[in-house]
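Reader: I have a complex on my screen and would like to walk through its contacts with you. Shall we take it one question at a time?

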Amino acid sequence: MTSNPGGTWPHAPGFYAGDRPKIVTSRFEHEDSYTLTRYLATDGYAGLRAALGRPASDVHDEVKNATVLGRGGAGFPAGNKWGLTPQGVWPRYLVVNGDESEPGTYKDRLLMERDPHQLIEGCLIACYAAGLSQCFLYIRGEMALAQERVAAALNEAYAAGYVGKNILGSRFSVDIVLHWGAGAYVVGEETALIESLEGNRGMPRLKPPYFPAAIGLYGQPTIVNNVETLANLPWLMRNGAAAYTAIGTATSPGTRMVAVSGHVNRPGVYEIINGTTTFRDLLYGDEFCQGIRNGNELKAFVPGGGSAPWFTPDQLDLPFEASQVGPAGSMLGSGAVMVMDSTTDIPRAALTLTKFYAHESCGKCTPCREGGTWLERILSRVVDGKGTDADLDQLLEVGESICPGAFPHASNEKLGLTAVPFPYRMNTICFVGPSAYAPVHSALTLFRSEFEARVTKRTHIPVTAVGQ
Amino acid sequence: MARLNEENLRLAREIIGRYPKPRSATIPLLHLAQEQDGHVTKEAMAHIGELVGATSAEVYGTASFYEMFKFEPVGRYLINICGTMSCALMGAEELMHHAEETLGVHIGGTTSDGMFTLERAECQAACTEAPCLQVNYRYRFRVTPQNFDDLVDQLRSGQLSDEIPQHGTLAVTRQHIPADKGVGAVDPELVTEGPAWLDGKAAL
Amino acid sequence: MTTIDNTTDVADMPEPDPNAVSITINGRTVAARKGELIIAAADRADEYIPRFCYHPRMSSVGMCRQCLVEVEGPRGPMMVVSCMTPVADGQVVRTDTPQVKRAHEGIIELLLANHPLDCPVCDKGGECPLQDQAFSHGAGESRFVEEKRHYEKPIPISDLVFLDRERCILCDRCTRFADEVAGDPLISFTQRGNNTQVMTFPDEPFASYFSGNTVQICPVGALTAQPYRFKARPWDLEQRESTCTTCSVGCRTVVQSSRDELLRYQGVDSDPVNWGWLCDRGRFNFQSVNSDDRLTHPLTKSASGLQQTSWSEALENVARSLRHASPTSIAVLGGARGTNEDAFMWAQLADALGVTARDAQLADGLPVSVFGYPQATIDAACSAATVILLAPDLKEELPVLHIRLRDAANKKKIRIIEVSAQETGLSSLAWKSVRADGSSVAAEIRSLMADAAVSSQIASGPLVVVAGRSNLAESADHVMTSIDAVCAAVPNASVLPVLRRGNVRGALSVGLSPRNGADAAAILEASAAGRVDCLVLLGADPLSDVPDADLARRGIAGAKFVVALDTFLTASAAHADVVLPVAAYGEKDGTTMNLEGRVTNVVQKITPRGTSRADWMIAAELADMLGHDLGVTTLADVQKKMAQSVVGFGATTTSVAIKRDGVVVSSAVTREAVASTTSVARNSYDFRLSVGRKLYDNAVGTATSPSLSNLAPGARVTVNPLDLERVGAPAGGNVRLSNAHSSIVLPVFVSESVPRGSAVVPFNQPGADVRELIRHGESVVDVRIEAIA
Ligand SMILES: Cc1cc2nc3c(=O)[nH]c(=O)nc-3n(C[C@H](O)[C@H](O)[C@H](O)COP(=O)(O)O)c2cc1C
Ligand code: SF4
Ligand code: FES
């Protein structure tokens with residue numbers, strides 16, 4: 001279809017296979033990858049069969065031993081998370097986080113549209129291993145095709161006895177309920193996801209006490225896992241933890257899906273080897289993005305989704321390894337790299353991200369609800385050339401009210417900056433508030449001159465507070 | 001009309017039945033209402049409240065939190081142009097200006113013929129295919145001004161009506177759990193014991 | 001004053017307490033209890049932590065972020081919200097570090113960012129937590145130079161409450177209250193993020209009996225009460241702590257006035273009673289005290305009707321009538337609207353005159369022997385394993401008791417078994433809720449007791465019977481029989497009697513309870529038969545309040561001489577020979593007794609209207625004139641005398657000694673055998689009449705409060721939807737209710753909450769008077785209902 005050069009409906013474009021080991025994208029090249037027929041023809045549900053052939057606790061151990069890192073952003077090992085549920089409290093639920101909406105992130109939608117049965121199988125393995133008696137698969141509201149494909153796959157799977165009562169004729173029975181959202185980024189946050197699934201406004205709950213594994217859906221122990229995390233399980237059950245950890249590094253085993261967008265020659269989604277692949281490989285490698293567009297210079301890049309503090313070329317040689325990216329001042333987050341070349345208007349770029357988080361604030365806590373919008377207002381004034389130098393300091397002051405103390409940023413030789421390691425402290429309930437500040441802080445720290453060029457020098461006049 | 005019709009009421013009851021607590025069906029039911037009327041009416045919200053055991057105020061509180069629910073009629077085709085980082089870097093602003101000119105409305109506006117409503121949307125998880133947009137939540141990728149005009153013509157001429165149903169309809173395939181295959185939802189308060197398969201033996 | 005936190009003092013904790021933990025706040029050691037929140041412990045230790053969303057009587061949401069403090073953690077000090085972080089032994093809390101100070105200033109600045117600068121014209125200005133904490137914990141300046149949020153302001157969200165969304169700081173207090181406490185989630189957050197706003201559903205008002213509490217707990221001026229808007233500035237208000245006597249729950253309040261006019265009541269947190277909450281009727285009926293219709297001078301009957309007269313002449317007329325009447329032909333009705341001292345002195349006078357005929361109830365309550373059972377308190381009911389409800393709809397009659405029981409049931413502390421004629425406000429929360437007309441409740445209870453699940457539930461712990469006059473059309477004996485049925489099966493059950501009128505239990509306890517069976521009904525019958533020469537009405541209005549209208553009419557008409565002590569010229573007072581204006585609530589000091597038997601004080605805040613004075617003074621004066629020295633000149637004398645002669649009263653129950661939570665006085669009544677009633681069949685053409693009260697009715701205090709007077713739903717009959725066809729009228733159409741006694745015409749409505757075969761009619765409403773169909777002493781009342789052409 002002419003208006004769809006990136007790939008034709010109904011097939012989601014953007015994926016480049018390459019010849020690397022594949023754990024979650026092995027079927028993507030098949031046009032009919034989402035059908036049960038194709039799935040069964042390609043080891044479909046063999047992982048589940050393998051799992052049901054072993055005691056649940058064995059399966060849980062297998063996942064623990066594989067250290068399957070959460071792919072939703074926090075990177076917490078799935079096996080360990082399953083172990084955090086309080087003893088003897090029933091029922092327990094699985095909630096699948098398919099709300100993918102972190103700026104730059106594009107992988108869960110591919111997994112749901114192109115290989116829904118792999119996700120379903122992953123859910124079943126998780127429920128079996130952790131004793132979860134019902135699964136809710138929460139798909140982002142705007143993803144009509146993903147909902148379509150998962151619904152069809154679930155109907156096929158129920159009919160064929162892969163889901164529901166006595167799965168594969170075993171004593172294992174579990175329902176998977178397809179649930180869909182209605183457009184609110186914050187609902188991707190696990191406690192907000194649960195609120196939303198309970199039919200409420202998607203406002204996050206405070207952790208502690210509301211850690212889902214302890215007090216989740218309907219107040220019951222609840223495991224929330226990301227789509228990609230669960231999609232790893234069928235392969236893992238087929239090939240075992242040893243095979244899984246043989247790929248990548250000890251602390252970051254296996255592969256992970258990464259979406260690279262922005263000013264590169266071949267933006268796309270790649271399943272990369274975890275822990276070893278570097279940002280330089282990804283941005284410049286032939287099997288990956290093949291360099292910056294029009295041979296331009298790389299100016300900056302966001303390494304882990306819109307919430308992540310920015311990197312500059314100085315950080316290109318860091319690998320996809322949390323234990324190195326954190327100290328360097330940012331995070332790997334949700335596997336989303338956004339690339340800005342030399343032509344990029346940095347203040348404007350920061351504004352689009354801040355605007356996003358301000359707009360997506362749930363409104364529950366003061367610093368995010370008021371501070372996010374305040375940052376956006378000041379920043380847009382600055383971008384429009386109507387700002388003053390006092391505004392630049394004010395941006396940092398508002399930031400201080402959202403995230404007290406030193407905010408993480410990368411080192412920079414030119415500017416003589418040394419890195420402030422991730423994470424930050426925050427006055428908010430969840431990360432949306434701080435995320436509104438992250439781009440402002442990164443941009444101001446790494447490219448302050450671009451802001452100063454925009455503003456007029458003036459010292460600001462305080463407005464006295466209400467009631468004085 | 002306005003309240004859920006017979007068929008949708010049947011669907012609503014089926015959906016409610018899948019959850020341990022009826023309230024959980026609120027958002028799916030709101031989608032059902034929007035699919036029926038193109039937007040969510042007051043009567044539908046009151047009806048949904050009755051069905052899930054919430055007050056109208058609570059249903060409205062939930063509904064108004066979410067971007068996708070419209071409380072006023074919108075065009076047959078809701079065009080959401082993504083304006084977040086990756087798309088912005090790849091010319092989303094320009095595309096929006098072009099769209100405003102082509103349709104003769106500003107962002108947020110609806111064309112006088114009621115065909116199109118134009119909105120600026122946040123990240124659509126297609127960042128590698130920027131700039132992108134959705135028409136009634138069906139994607140278009142790497143959209144150039146030319147692509148946009150073609151798209152509008154195709155929509156006007158009805159060529160895409162199979163692929164893109166009127167605003168409110170998401171997946172056309174619905175989940176259905178056959179009575180004999182489903183486990184069924186149980187109110188957590190009635191559950192006291194862990195699942196049978198946790199007995200240290202293999203389930204198969 | 002938004003919240004009054006009275007978490008009990010650590011000092012009076014039982015030692016040794018296994019739950020005791022010790023923490024340090026800013027270096028000071030503070031004793032606390034496991035599970036207690038840091039902010040609560042800090043409050044007790046007078047280490048004030050600023051807060052907006054936290055409220056000690058509601059669940060914490062931790063959303064305003066104002067209460068951030070530093071707690072020493074493994075990785076150095078951590079910022080946590082003290083309203084959601086429980087104490088832990090050895091915990092080190094700091095509220096005074098530069099980091100905490102910076103955070104507090106930051107949050108205040110952010111809250112002020114969009115807050116309008118209209119404090120000078122804001123009702124809350126001067127008592128505003130945002131304003132106050134902006135001074136105490138803010139940086140003193142806002143650097144927010146952007147355009148503020150704008151909304152239409154203010155908008156009425158109910159008949160009583162206005163909402164100004166620009167002032168709202170989105171603390172979730174009102175919305176949490178509506179949902180958690182009142183159970184009326186008719187307001188909710190709507191929209192999202194920076195556009196979040198509290199709203200009702202389009203054209204569905206926040207019609208809650210408890211809406212006024214949201215105004216009180218709003219930490220800014222976003223919610224204002226129509227009756228108080230722009231009436232005064234907080235610094236002009238003087239206040240004294242008192243007790244609401246609108247109903248017998250006895251909620252603790254402060255009475256606020258300016259320039260000798262009552263302007264506002266606010267709830268005060270009494271832990272055993274109201275937890276700071278009030279119902280809207282009790283909160284807003286201060287308007288009645290200020291009403292222009294108040295009686296200001298004594299009146300005497302003359303050829304041309306009632307004429308203003310002097311106190312001396314009026315009292316002389318009364319004295320003369322009392323002098324000439326024989327003690328057996330004198331009767332005293334009422335006393336429940338006054339103080340214990342009022343009732344006590346009138347009882348003293350009656351004793352002195354040898355008068356036995358007296359009753360503080362008006363045939364609309366229960367026999368006094370209900371106080372003969374082991375008595376329960378509100379707390380006892382709210383912590384019992386099982387509560388058996390044999391009462392009218394508490395939400396309508398005793399609203400804050402409803403809130404307490406609702407809370408206990410919600411938190412699964414108690415299980416409620418309800419037996420009632422129709423669904424009530426608690427039915428949805430009841431463990432079991434069964435329908436039965438009064439005459440078959442006892443039988444219903446016996447069969448419930450036979451049920452295995454029920455008996456094991458009852459065996460699981462203490463049982464409290466909450467018993468009141470559920471149906472004014474039916475004999476009170478049914479209730480007594482039902483209580484007996486429970487106590488027969490569960491000997492150690494205790495009873496919480498829920499007699500509704502303000503100080504009815506007090507008046508009955510201090511001497512105005514019937515002697516040898518001569519209750520109000522008997523007195524009125526005697527009067528009708530011409531055997532009453534002098535009838536004294538102590539704030540009593542039999543013509544409006546006695547369920548049997550005919551009996552009341554005959555009784556009042558038959559009395560040779562009627563004296564009415566009242567604040568308004570009620571229907572009955574209008575028939576009096578002498579009317580004496582008396583001091584109203586807020587115009588006199590004294591004590592009152594709530595439905596538990598808890599004695600607390602009520603206070604004078606303004607001077608009595610016109611020449612009116614307290615009832616007890618009138619009694620004392622008459623005693624003098626009649627040559628009986630009761631030996632009292634001051635209130636203190638009265639209370640001393642009461643302490644000597646009334647069981648349970650003493651040094652602790654005097655105005656001076658009494659504290660906020662008062663003293664529970666144990667009942668002196670001994671239990672009597674009750675004539676057990678039996679179930680009465682209903683012929684299938686008829687409907688069984690069920691008559692109960694609504695919160696808003698024609699009661700004087702409500703009808704004379706402009707902002708409440710139009711809230712009464714009006715007379716109507718409600719039947720089950722399936723019975724409408726049988727009635728043959730459309731919903732809303734007029735029908736005739738008739739029986740052997742009379743017939744009235746009412747609009748008919750339907751509700752699932754009414755079982756088939758019963759007809760529910762509210763009591764004392766504007767419109768046709770259901771009391772015409774009721775005859776005192778009849779076991780049940782059945783009526784025919786037919787459409788009128
Ligand atoms: C503001 C916010 C948005 C988030 N959005 C998503 C999301 O869209 N998808 C997702 O899987 N996790 C998201 N997360 C992370 C989830 O809270 C949660 O950590 C994750 O789903 C757990 O799954 P995992 O352990 O498999 O990664 C988000 C977190 C925050 C704070
Ligand atoms: S940080 Fe923002 S999005 Fe997160 S809970 Fe607070 S207000 Fe909501
Ligand atoms: S008082 Fe603790 S967050 Fe509001």
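This is a predicted model: local features need pLDDT of at least 70, side-chain atom pairs count only at pLDDT 80 or more; totals for chains, interfaces and linings use all residues.

Reader: How many residue pairs are in polar contact across the interface of chain A and chain B?

Author: Here both residues of a pair must have pLDDT 80 or more. Counted that way, the rule finds 37 residue pairs.

Reader: Which element of chain A gives the most to the side that touches chain B?

Author: The side of chain A that touches chain B divides into 52 nonpolar, 34 polar and 16 charged residues. The element that gives the most supplies 9 residues, and it is helix 7 (residues 144–159).

Reader: How much area do chain A and chain B bury between them?

Author: The contact takes 102 residues from chain A and 78 residues from chain B. Of the area buried there, 60% is on carbon and sulfur atoms. The area itself is about 7200 Å².

Reader: Let's turn to chain C. Which three residues supply 49% of the area that chain C buries against chain B?

Author: In this contact, 13 residues of chain C meet 12 residues of chain B. The area buried between the two chains is about 1200 Å², and carbon and sulfur atoms give 60% of it. On the chain C side, the three residues that supply more than any other three are C:Gln191, C:Arg192 and C:Phe201.

Reader: Which residue of chain B forms a salt bridge with C:Arg192?

Author: Between chain C and chain B the count is 2 salt bridges. In the one formed by C:Arg192, the closest N and O atoms are 2.6 Å apart. The partner is B:Glu67.

Reader: And which strand of chain C gives the most to the side that touches chain B?

Author: Chain C and chain B have 7 residue pairs in polar contact, both residues at pLDDT 80 or more. On the chain C side, the strand that gives the most supplies 4 residues, and it is strand 9 (residues 187–190). By class, that side of chain C divides into 6 nonpolar, 3 polar and 4 charged residues, but the name you asked for is strand 9.

Reader: Now the ligands. What share of the exposed area of ligand 1 does the protein bury?

Author: Let's start with the contacts of its oxygen atoms. One lies 3.0 Å from an N or O atom in the side chain of A:Asn97, and a polar side-chain atom of A:Asn225 lies 2.9 Å from an oxygen atom of ligand 1. Taken alone, ligand 1 exposes 610 Å², and the share buried by the protein is 91%.

Reader: Which strand of chain A gives the most to the shell around ligand 1?

Author: The shell divides into 4 nonpolar, 8 polar and 6 charged residues. Among those that come nearest are A:Asn225 and A:Asn226. The strand that gives the most, with 3 residues, is strand 4 (residues 222–226).

Reader: Finally, which residues come nearest to ligand 2?

Author: By class, the shell around ligand 2 has 8 nonpolar, 4 polar and 1 charged residues. Of the 13 residues around ligand 2, the nearest are A:Cys362, A:Lys364, A:Cys365, A:Cys368 and A:Cys430.

Conventions
Residues are numbered from 1 along each chain as its sequence is written. Chains are lettered from A and ligands numbered from 1 in the order in which they are written. Side-chain values use heavy atoms; hydrogens and water are left out. A residue is near a molecule or strand if one of its heavy atoms lies within 4 Å of it. A polar contact is a pair of N or O atoms within 3.5 Å; within protein, one must be able to donate a hydrogen and the other to accept it, and residues adjacent in sequence count only if both atoms are side-chain atoms. Accessible areas come from the Shrake-Rupley method with a 1.4 Å probe; for residues, only the protein chains shown count as cover. Helices (H or I, at least four residues) and strands (E, at least two) are DSSP runs, numbered from the N terminus. Ala, Val, Leu, Ile, Met, Phe, Trp, Tyr, Cys and Pro count as nonpolar, Asp, Glu, Lys and Arg as charged, and the others, Gly among them, as polar. Contact means heavy atoms within 4.5 Å. Buried area is the accessible area (1.4 Å probe) that two parts lose on being put together, summed over both. A salt bridge is a side-chain nitrogen of Lys or Arg within 4 Å of a carboxyl oxygen of Asp or Glu.
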